[in-house]
Amino acid sequence: MADDPRASRAAPDPGSIEGGISCRSVSSGYLGKAVLKGISFDIDRPAIYVVLGPNGAGKTTLFRTLAGILRPYSGEVWVGGERIGLRSARNRLHYLSHMDGIPDGLRVRETLDFYARVERASPADVDRVLDLLEIRPIADRFLTALSAGQKKRLSVARTFLREREIYLLDEPTTNLDPKAAREIRELILGLSQNKIVLYSSHNLFEAREIGQYVLAIKSGQLGVFDRLENLRTARYVVGVRVLEASAALADWPREGDYFLRELAGPEAVPALLRDLESRDVKIREVREMNNPLEELFT
Amino acid sequence: MDPPTKDPTLLGITVRRSLVLGRMFLLAGLIYAVVFSLVLGLTAGPGFDEAFPLLLPVFAVIASMGALMVFSSDRIKGVLEYLLAYGFSSRRLFVNVLLAGFVLAVILVGVSTAVGLGVRFGSGQGVSAVFVELLLAYGLPMTFASVGFAVTVGMYWTSLSSPRSGINSPVGLAPIVGIAPPLITLVLVGFLAATTSLPFELVAGPAVVVVALVVLALLAQVDRLLPLERLLSPT
C-alpha cells in the first residue's frame, strides 16, 4: 500500500494483512436513521489508525458497523476479504466497545473465564492475561468491589485473550489513570506490530502518541484519512516564552506568556532559534502550541 | 483462525449470575411458597391439594426474575453488544436467558413441592389424586408458560425502553406481567364454573397452550421484531 491509505490495493504491500478492512459507500445508523453517510476507505497495512471526531460524529457507529453489529443501510463492509457478518470474517477481528461490557454478578477471574468461553480461549490464556494486565491480585474480587479504572482494565483484558488480525478499540483508555492508560497504550502499541488497530479516543495527545494514521469523522462522513505526520506539518505553531521583554517580538501574536509563530514544521525550529538569538531574544522555552488534531474536532 | 467448533453455551454462567443478581427475588418466591406449603400442608382438608398447584406459577414467576435482571444488566453494560459482535444472534441471547429463568423456576418448584409433600406425608395426611392431577395438568405447565411469558415479555420491554431503575423498570413490572396468565385463567375458570358446567381442564389446558404459543411466537420473531440496535446500550 502506498502512503496514501486510500490508494488502490491492486499491488498489495508485502507487509499488508490480506483483505484488511474495506468500506464501500457505507451508510449505517440506528432504527433507520443514518449516522454514517457513505463512508469509504481501505485499510490493509498493519498500524494504529486513530479514529477522531466530535461527539455524535459517528465513531462508535463506525466501529459497530465494522464489527457486524449494525447492518449497513447501503454499501458493503469487507473484513479479511469476506463480507462482514460471516463467522470467518468475525473471527478475524476483536471488538472492544466503549462500554465496559463486564457481566454483573461475577468475580474478576470468572469474568475472564466468561470472555474466554465466548472467544474460545483457553484457561492458560486467562492466566496469561491476568499477569499481562496485572489484575491477578484482584482476581477473586467481585466486580462491585472494583474501581472504575480496574473495571476498564478488566474490560481491556479480553482484547489480549486471543490473537486477531484486526482490532477495533473504542476508547480503550477511558476511566484509566494516566499511568494505567500509558501501560494499556504500550500493550496496544505492541499489538500493532503486525495488526490493524482502529483506535478511537477523545484524548488528542494520546491519539498523537499512539497513532500512525488518522481517520477523522465529521457528521457521519470521512473528513480526513491521512498519515498523522502529514497532519503535523499542516499547521505547526510554536510558542516562545522569554526571560525578558524584547522589541523583536513586539508584532508577534500572543497566547498567555507565549509569543506565537507558525512554522513549516519541526525542522524549522532551529532556524527560528538562531534568528531569535541573533536578535538578542532571551529564550526561556519553546514549545509546540497547537495539536493539529484539534482542528479535526471543530 | 478458529476451528469450526460448536458454539459455546453460556447457560451455566447465566444461571449462576441469575442466582447472584436475583437472589432476593428467588428468596422471596421460596419464602412465599414454603410458608404457603407449611401453613396449608399442616391444615387438614383439601386446601393444600387444590391451592398449591394453582399458586405455583405465581411463586415461580417471582423467583425467575433474576434471569431478566441479567438480561437488563447485560444490555445496559454492553455485554449484549460484545456477544453480538461475536456472532450471537438475538434469539440465542433470548433463549439463553429464558432457559436460565426455567432453571430458577425448577429450583422453586423442587424446593416448595418437596417441603409441601414432606409436610403432608410427615403429618400423615398424604395428598389426593386431585393434587397430582392439578399439578400435572395445570400447575407445572402453567408455571413454565408463565415464567416464559414474564421473562420473554420482560426482555422485549427492556430492549424497547430506556434504562430505568426500581419498580418502574421492566424488571420491576415483569412479575405483574408474569402473573397475569395464571390469574386471568383462574378468573376465567371461576367465571365459567359459575355460569357453565365446563370442566377445569378444558379452560386451563388451552390457556397454557395459548401462553406457550405466545412465548414461542415472540422467540421465533425476535430477529425480525427487534433490530440488533435495540440490544445495544442506549447510554
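**A conversation about the model**

A: Let us begin with one pair in chain A: Trp78(A) has Arg83(A), in strand E5(A), as its bridge partner. Please keep in mind that this is a predicted model.

Q: How do E4(A) and E5(A) pair, and over how many bridges?
A: E4(A) pairs with strand E5 (residues 82-83) of chain A in the antiparallel sense, over two bridges. Two residues lie between the strands of this hairpin, and Gly80(A) takes a positive phi near 60° there.

Q: Which other strand is joined to E4(A), and by how many bridges?
A: That is strand E1 (residues 21-30) of chain A, which is joined to strand E4 (residues 74-79) by five bridges. These two strands run antiparallel. As an example of a facing pair, Cys23(A) has Val77(A) in E4(A) as its bridge partner.

Q: Moving on, what is the strand order in the open sheet of four strands in chain A?
A: The order is E12-E13-E11-E14, with antiparallel pairing.

Q: Which strands stand at the edges?
A: Strand E12 (254-255) and strand E14 (283-288) of chain A do. Each has a single partner strand, so one side of each is left without a neighbour in the sheet.

Q: And what is the partner of E12(A) in the pairing over two bridges?
A: It is strand E13 (residues 258-263) of chain A, and the two pair in the antiparallel sense. Within this pairing, Glu255(A) stands opposite Tyr258(A) of E13(A).

Q: What domains does chain A have?
A: The domain assignment gives domain 1 (21-231) and domain 2 (235-297). The centres of these two domains are 37 Å apart, taken over C-alpha atoms.

Q: Now for chain B: how many helices and strands does it have?
A: Chain B has eleven helices and zero strands.

Q: What does its radius of gyration say about the overall form?
A: A compact globule of 235 residues would have a radius of gyration near 18 Å, and the value of 19 Å for chain B agrees with this. The C-alpha trace of chain B spans about 65 × 40 × 40 Å along its principal axes. Buried residues account for 45% of the 235 residues in the chain. Of the contacts in chain B between residues at least 6 apart in sequence, 88% join residues at least 24 apart.

Q: Is Val210(B) buried, exposed or partly exposed, and why?
A: Val210(B) counts as partly exposed, because it has 13 C-beta neighbours inside 10 Å. This residue is found in helix H10 (residues 200-220) of chain B. Val210(B) is 29 residues from Pro181(B) in sequence, and their C-alpha atoms are 9.5 Å apart in space.

Q: How many residues of each chain are in contact with the other?
A: The contacts involve 25 residues of chain B and 24 residues of chain A. On the side of chain B that touches chain A, H5(B) provides the largest share, with six residues. The residues of that side divide into 14 nonpolar, five polar and six charged.

Q: Lastly, which residues touch the most other members of the largest nonpolar core?
A: They are Tyr49(A), Leu168(A), Val197(A), Tyr199(A) and Val97(B), in a core of 132 residues. Helix H7 (residues 129-160) of chain B gives the most to this core, with 13 residues.

Q: What is Val197(A) in contact with, leaving aside its neighbours within four places in sequence?
A: Its contacts include Ile48(A), Tyr49(A), Tyr167(A) and Leu169(A). Ile188(A), Leu191(A) and Ser192(A) are also in contact with Val197(A).

Notes:
Residues are numbered from 1 along each chain as its sequence is written. Chains are lettered from A and ligands numbered from 1 in the order in which they are written. This is a predicted model: local features need pLDDT of at least 70, side-chain atom pairs count only at pLDDT 80 or more; totals for chains, interfaces and linings use all residues. Domain bounds come from an automatic or database domain assignment. A nonpolar core is a set of buried Ala, Val, Leu, Ile, Met, Phe, Trp, Tyr and Cys residues joined through C-beta atoms within 7 Å. A residue is buried if 20 or more other C-beta atoms lie within 10 Å of its own, exposed if 12 or fewer, and partly exposed in between; C-beta atoms are placed from the backbone. Two residues are in contact if their C-beta atoms, placed from the backbone, lie within 7 Å. Ala, Val, Leu, Ile, Met, Phe, Trp, Tyr, Cys and Pro count as nonpolar, Asp, Glu, Lys and Arg as charged, and the others, Gly among them, as polar. The radius of gyration is taken over C-alpha atoms; the globule rule is 2.2 Å times the number of residues to the power 0.38. Two strands pair if DSSP finds at least two bridges between them.
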